[in-house]
Amino acid sequence: MILKATDIRKTYRTRAEKIQVLNGVNLEISPGEIVVVMGPSGAGKSTLLHILGLIDNCDSGSIEFEGHVVNMTQDLSSIRARKLGFVFQYHHLLPEFTVLENLLIPQTLIGTKPADAKSRGLDLLNFMGLENRAEHYPSQISGGEKQRVALLRALVNSPRLVLADEPTGNLDLGNSVLLLKLITNLRDEFNQSFLIATHDRTVADVADRVLSLDCGKLS
Ligand SMILES: Nc1ncnc2c1ncn2[C@@H]1O[C@H](COP(=O)(O)OP(=O)(O)OP(=O)(O)O)[C@@H](O)[C@H]1O
Ligand SMILES: [Mg+2]
């Protein structure tokens, strides 16, 4: 088992109201599994991914990676950098850095040698047919290309699990199909696991398991 989340609960409190978003979510993900979470806008999909990606806190519940319970007071950044890859709903590439540099930064964080980081970055860009975009800035590439670079960035450190929030959200059909092909290739070749939040039925079609987030619970 890569991930086991048990009884995850999350409430947002604003001055006006209390929004109970996650109400006892349980989830297990095995190696090489693509799990898709669907649910209407506002159902809590991004909230769930941020919590499982150790980007946001939950109020209660436990998360295990590869059999180890994550201690929320420990250094989470090392687990985030080494075991997890995150594709944000809005790609979040760093605008001041080139495409290639965006792929080098996560590797620098875990101490990869610069030459190895560069060759890994270029290999991934090649794999995606983006080698001629390496020196472009995010503002100089298309939406589909940005989304593909964002997925590559999540993969650079060979994470055990990639969490992707609406990875096809801003893509046309052709680009969606390309991205999904990459995801299924990675599962088939490297036993890569994915948890994907989406509204998109075509994403659900490649999933090993489709769950729906409803009233704060997965079913
Ligand atoms: N920081 C916050 N403070 C208060 N409420 C929040 C906060 N973040 C999210 N919410 C609320 O929590 C609910 C779940 O939001 P979330 O972004 O997880 O939904 P989602 O399923 O990802 O939606 P979408 O499909 O539109 O991306 C929404 O009602 C949202 O307004
Ligand atoms: Mg969302």
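Trainee: Which strands does helix α1 lie across?
Mentor: In this predicted model, helix α1 (residues 45–52) lies across β3, β7, β8 and β9. Helices (H or I, at least four residues) and strands (E, at least two) are DSSP runs, numbered from the N terminus. Residues are numbered from 1 along each chain as its sequence is written, chains are lettered from A and ligands numbered from 1 in the order in which they are written, and local features need pLDDT of at least 70, side-chain atom pairs count only at pLDDT 80 or more, while totals for chains, interfaces and linings use all residues.

Trainee: What's the strand order in the open sheet?
Mentor: The order is β6-β7-β8-β3-β9-β10, with mixed pairing; two strands pair if DSSP finds at least two bridges between them.

Trainee: And which are the edge strands?
Mentor: β6 (84–87) and β10 (217–218), each pairing on one side only.

Trainee: How do β9 and β10 pair, parallel or antiparallel?
Mentor: Antiparallel, over 2 bridges. Asp214 stands opposite Lys217 in β10.

Trainee: Switching to β1 and β2: how many bridges join them?
Mentor: 9, and the two strands run antiparallel. A hairpin through 4 residues joins them. Leu3 has Ile29 in β2 as its bridge partner.

Trainee: Now ligand 1. Which residues come nearest?
Mentor: Tyr12, Ser41, Lys45, Ser46 and Thr47, out of 13 around ligand 1. A residue is near a molecule if its C-beta atom, placed from the backbone, lies within 6 Å of it.

Trainee: Where does the largest share of that shell come from?
Mentor: From α1, which gives 3 residues. Both β2 (18–29) and α1 supply at least two each.

Technical notes. Two residues are in contact if their C-beta atoms, placed from the backbone, lie within 7 Å. Axes are lines fitted to C-alpha atoms, for helices over the stretch in contact, and angles run from 0 to 180 degrees between N-to-C directions.
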